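Please look through the structure below, with its sequence at hand.

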Amino acid sequence: MSVIISAEQINKHFDDLHVLKDVSLDVHEGEVICIIGPSGSGKSTFLRCINQLEVTTDGIIRVMGEIVGYREDGDKLHRLSDRKIAAQRSRVGMVFQRFNLFPHKTVLENILEGPVFVQKRNKEQVKKEALEILKKVGLSNKANSYPNSLSGGQQQRVAIARTLAMKPDAILFDEPTSALDPELVGEVLAVMKELANSGMTMIVVTHEIGFCREVADKVVFMESGEIVAVESPENMLTNPTHARLKEFVSAVL
Ligand code: ADP
Ligand code: MG
């Protein structure tokens with residue numbers, strides 16, 4: 001199957017802090033990769049590098065085979081313009097812990113923003129698609145509501161809908177349920193599970209071990225800026241090959 005996202009020997013420094021150390025990962029079409037690991041291990045930074053919210057110090061990221069953020073010129077790489085980067089970025093969606101919806105726009109307007117103003121697609125067509133997507137995430141009746149009238153779980157489902165409306169090749173989730181009250185976690189995970197079953201390519205940073213076990217094709221364990229283990233979800237629970245992974249999983253279960 002084709003590789004949708006490929007990270008090759010990614011390094012990232014924040015001044016003296018070496019946050020990502022030779023991180024390499026291939027994500028194939030339709031695959032769901034869960035990334036787990038202690039706080040501060042570089043999980044968010046890795047996703048942010050893939051989505052070009054951070055510039056890597058070293059290493060190459062490709063989306064659908066194309067180097068992102070840079071243009072190749074012989075054996076040199078030149079940073080692309082912000083406009084070109086924004087266009088590339090819309091091919092990989094990202095869902096954050098905090099939903100970052102526009103508070104003064106309705107749910108529907110929030111969803112239309114990217115496809116209409118960034119991707120310059122036809123508003124009426126996008127609106128039709130947006131209403132379909134809202135149905136998928138169980139929020140048909142909230143199209144004209146404002147974000148602050150919704151629960152956290154509903155807002156996160158709007159954030160997922162907004163990402164889907166961009167028709168991304170893959171979606172990155174950074175602890176999408178960590179900011180939610182416990183009773184609202186399930187509805188968001190259910191939408192993500194549907195998405196995974198529909199064949200979406202996903203990287204999910206999460207502490208929800210149950211979700212990893214059910215949905216992930218591979219579980220990646222990061223520690224101190226490195227990928228230290230890649231396991232099948234079954235092995236992660238029953239027979240983790242890496243001692244620290246074993247400790248981590250038993251601590252969060
Ligand atoms: P995780 O998501 O696994 O908790 P992060 O990727 O957020 O880890 O952070 C990894 C390390 O990088 C941490 O030590 C964090 O303090 C540091 N870090 C993250 N973002 C920045 C930044 N913008 N400037 C400086 N240090 C940062
Ligand atoms: Mg994080």
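Helices (H or I, at least four residues) and strands (E, at least two) are DSSP runs, numbered from the N terminus. This is a predicted model, in which local features need pLDDT of at least 70, side-chain atom pairs count only at pLDDT 80 or more, and totals for chains, interfaces and linings use all residues. Residues are numbered from 1 along each chain as its sequence is written, while chains are lettered from A and ligands numbered from 1 in the order in which they are written.

The predictor's confidence in each residue is called pLDDT and runs from 0 to 100. The protein averages 95 on this scale, and 100% of the residues score at least 70. The model's ipTM is 0.99 and its pTM is 0.96.

Start with ligand 1. A residue is near a molecule if its C-beta atom, placed from the backbone, lies within 6 Å of it. The residues that surround ligand 1 are Phe 14, Leu 17, Val 19, Gly 37, Ser 39, Gly 40, Ser 41, Gly 42, Lys 43, Ser 44 and Thr 45. Which element gives the most to this shell? Helix H1 does, with 3 residues. Strand S2 (17-28) and helix H1 (43-50) each supply at least two residues. Sorted by class, the shell holds 3 nonpolar, 7 polar and 1 charged residues. In this sorting Ala, Val, Leu, Ile, Met, Phe, Trp, Tyr, Cys and Pro count as nonpolar, Asp, Glu, Lys and Arg as charged, and the others, Gly among them, as polar.

Now turn to the interior. A residue is buried if 20 or more other C-beta atoms lie within 10 Å of its own, exposed if 12 or fewer, and partly exposed in between, with C-beta atoms placed from the backbone. A nonpolar core is a set of buried Ala, Val, Leu, Ile, Met, Phe, Trp, Tyr and Cys residues joined through C-beta atoms within 7 Å. The largest such core has 71 residues, and those with the most contacts inside it are Cys 34, Ile 50, Ala 161, Met 202 and Cys 212. Helix H6 (residues 182-197) provides the largest share of this core, 6 residues. Two residues are in contact if their C-beta atoms, placed from the backbone, lie within 7 Å. Leaving aside neighbours within four places in sequence, Ala 161 touches Ile 111, Ile 133, Leu 134, Val 137 and Leu 139 in this sense.

Some single residues remain. Most residues other than glycine have a negative phi. Gln 9, in strand S1 (residues 3-14), has a positive phi of about 50° although it is not a glycine. Gln 52, in the loop between H1 and strand S4 (58-63), also has a positive phi, of about 65°. Is each of them buried or partly exposed? Gln 9 counts as partly exposed because it has 13 C-beta neighbours inside 10 Å, whereas Gln 52 is buried because 20 other C-beta atoms lie within 10 Å.

Gly 199 sits in the loop between H6 and strand S10 (202-205). With 11 C-beta neighbours inside 10 Å, Gly 199 counts as exposed. Gly 199 and Ala 170 are 29 residues apart along the chain, and their C-alpha atoms are separated by 9.9 Å.
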